[in-house]
Amino acid sequence: MDRTFQVDLRGVVDLLSHHLYGSPRVYVRELLQNAVDAITARRSAEPKAPARVRIEPPELTGDGTLRVHDTGIGLTEAQVHELLATIGRSSKRDELGFSRHEFLGQFGIGLLSCFLVADEIRVVTRHADEPTVLWTGWSDGRYAVRLAEPEQARDEPGTTVTLVPRRDADQWLGVPTVTELARLYGGLLPVDIRVGDTPTTAGPPPWPTTPGAPVDRVALHRYAQELLGVVPFDVVPLSVPEAGLTGVAFILPTAVNPAARTGHRVYLKRMLLSEHADGLLPEWAFFAHCVIDAGELRPTASREALYEDALLTSVREALGDQIRGWLVRLAKHDPRRLGEFLQVHHLGVKALAMHDDEMLRLVDQWWPMDTNVGTMTLAEFRQRHGVLRYAASLDEFRQLAAVAAAQDLALVNGGYTYDTELIERLPTVDRSVLIERLEPSDLTTRFEILDSATELALRPFRTAAQRALERLGCEVVIRAYDPVSLPALYLVSRSAAFHDQLVASRDKADELWGGVLDALAATAPPDRPQLVLNHRNPLVRRVTTLADPELVGLAVEALYGQALLLGHHPIRAADAALLNSSFLGLLGRAVPGETRD
């Protein structure tokens, strides 16, 4: 036997009014939405009908209630039953004509939000020549419908909603708060809205509401300063006709955290939906703050955010294209201004360039990169040096920059966010671009190998030096290279760096994972790091002539420590101990005398 669900109406009211909405203040928005929908419905049949909404907070009514009067179409008794007493059913709403896209909300569910601040709601409404109807709802789920008493009857079509406040809701119904909320939510509505005698509407939006219309940048800068507290770097008009969307994107004048998603101010049919709507722009456009009005985007059930659907996805792509087009136009017509923008928001542009060819070309032509031959764009670097040779990390660049320059190798620092990825993506959009990642170990192939006689003479020294560093897993190599002032260079290949990370992880892992990491380390033995001593350096030459094996060990350990520090390499516990012992050992040799207890 089929059974019907048992619905606790009190629980449904509590769910909708206290858990669907983020704040009690939305009750003002819902009341305005209902009033504007009613006015829109009446004007569809009577274009010259008045369009007025009057809000009277308790201070003005004198009886402790809040009232909202509108000159809308009003409801018949049958419509009251259908719209105010039926939750979750839309078919009758469609039949009654309240589901067309011109309307802002859903009358019945929206009215329940008033239970956030009220224990009782009264709706006095009249439709055309029909009698005035009184609907009364209570927060416990009860309601009553009857014809209004003569003294309650309305003289003309429209609706009056009366809220009997909850004991703890007084702060939400005061004149200052209601006025502020009416301005916030309904400031752009094409309806005369007043709290008492105070107007709260500000007229049409300050941005162009038709594509191609002139942009009043002075007014928009003033609007942005009121809204954001800053004068924007620039203003980008926005338009997506299929969504009925117009608006502007304010380009922020200061850097922002890319990980902090920017919320946008969104209006639906000129009613404020949210001051912090998410997902309107692609993630890379974090440098833009949008203010838009849309007629076709769908709100969520609470009408405090945008519903994620195919139309919103299309809008997001279209708005991203328009902001990208602004960047391209800036590069073409005002390169100086583009440079100023990139200094502030380069991360956003580079993030876009990761998957957008047009932005990659823009970064290639205009973004100055750090190189060992000065700051220049990638395009300038290729023009001067041909191959786009780069170091993939900041540490690698610091290790290699000076030595590579001495070998006449120009090198780009690819260690900053997205730089290496963008360099490696360039050949996909321009096949003429040649790139080469410079490995630390590659430098040794460019160093001068000593002649055989010198190599033979240095063999005892190299043996002693290797013995000193063997416990650190480092290989000692002697080469001749520039600059002469650099006595030693510590070079680590990618495989060696990976092995070091593997060992560090193994030391921190439990027994099970330690075994797994040991197995991985055994299957991929790395190239050993190299300490490359510079035979052209006078100090190194003097060290190679030392006859005392102990002094040779101390000197080589000191050169090893200096190479680590100059190359910005991480210092392990063993390295720190070696630095300390070599320093004290050399100091002991330099200061003669007997040690006394």
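No disulfides turn up in a search of the whole structure, which is a predicted model. A disulfide would be a covalent bond between the sulfur atoms of two cysteines. Two cysteines deserve a look here. Cys114 is buried, at a relative accessible area of 0%. Cys290 is buried too, with a relative accessibility of 0%.

Turn next to the aromatic side chains. The structure holds 12 aromatic pairs. One of them joins Tyr223 and Phe250. Their ring centres lie 6.3 Å apart and their planes meet at 40 degrees, so this pair is tilted. Tyr223 belongs to helix 8 (residues 217-228), while Phe250 belongs to strand 10 (residues 245-251). The pair therefore ties together parts that are 27 residues apart in sequence. Tyr223 has 16% relative accessibility, so it counts as buried, being under 20%. Phe250 is buried as well, at 0%.

Phe287 and Phe341 make another aromatic pair. This one is edge-to-face, with 5.2 Å from centre to centre and 80 degrees between the planes. It links distant parts of the chain. Phe287 sits in the loop between strand 12 (271-277) and strand 13 (288-294). Phe341 sits in helix 10 (residues 335-353), and the two residues are 54 apart. Phe287 is buried, with a relative accessible area of 0%. Phe341 is also buried, at 0% relative accessibility.

Phe233, Trp284, Phe286, Phe287, Trp326 and Phe341 form one aromatic cluster. Elsewhere, Arg298 lies over the face of Tyr307, at 4.1 Å from the ring centre.

Charged pairs come next. The count of salt bridges is 34. Arg29 bridges to Glu30, with the closest N and O atoms 2.9 Å apart. Where does this pair lie, buried or exposed? Both Arg29 and Glu30 are buried.

In helix 9 (residues 310-333), Asp321 and Arg324 lie three residues apart, about one turn of the helix. These two side chains form a salt bridge, their closest N and O atoms being 2.8 Å apart. Asp321 is partly exposed, with a relative accessible area of 41%. Arg324 is partly exposed too, at 24%.

Within it, Glu275 and Arg265 meet at 3.6 Å, N to O. This bridge links distant parts of the chain, with Glu275 in strand 12 and Arg265 in strand 11 (residues 264-268), 10 residues apart. Glu275 has a relative accessible area of 23%, so it is partly exposed. Arg265 has 11%, so it is buried.

Phe583, Leu584, Leu587 and Val591 make a nonpolar surface patch of about 400 Å². Leu584 is found in helix 21 (residues 573-590).

Note on methods. Residues numbered from 1 in each chain as written. Predicted model: local features only at pLDDT ≥ 70, side-chain atom pairs only at ≥ 80, totals over all residues. Heavy atoms only, no water. Disulfide = S-S within 2.5 Å. Buried < 20%, exposed > 50% of the residue type's maximum accessible area, 1.4 Å probe, protein only. Patch = residues over 30% accessible without salt bridge, like charges linked within 9 Å, V, L, I, M, F, W, Y side chains within 5 Å. Areas by Shrake-Rupley, 256 points an atom, 1.4 Å probe, with all protein chains shown as cover. Salt bridge = Lys/Arg side-chain N within 4 Å of Asp/Glu carboxyl O. Helix = DSSP H or I, 4+ residues; strand = E, 2+ residues; numbered from the N terminus. Phe/Tyr/Trp six-rings, centres within 6.5 Å; stacked < 30°, edge-to-face > 60°. Lys NZ or Arg CZ within 6 Å of the ring centre and 35° of its normal.
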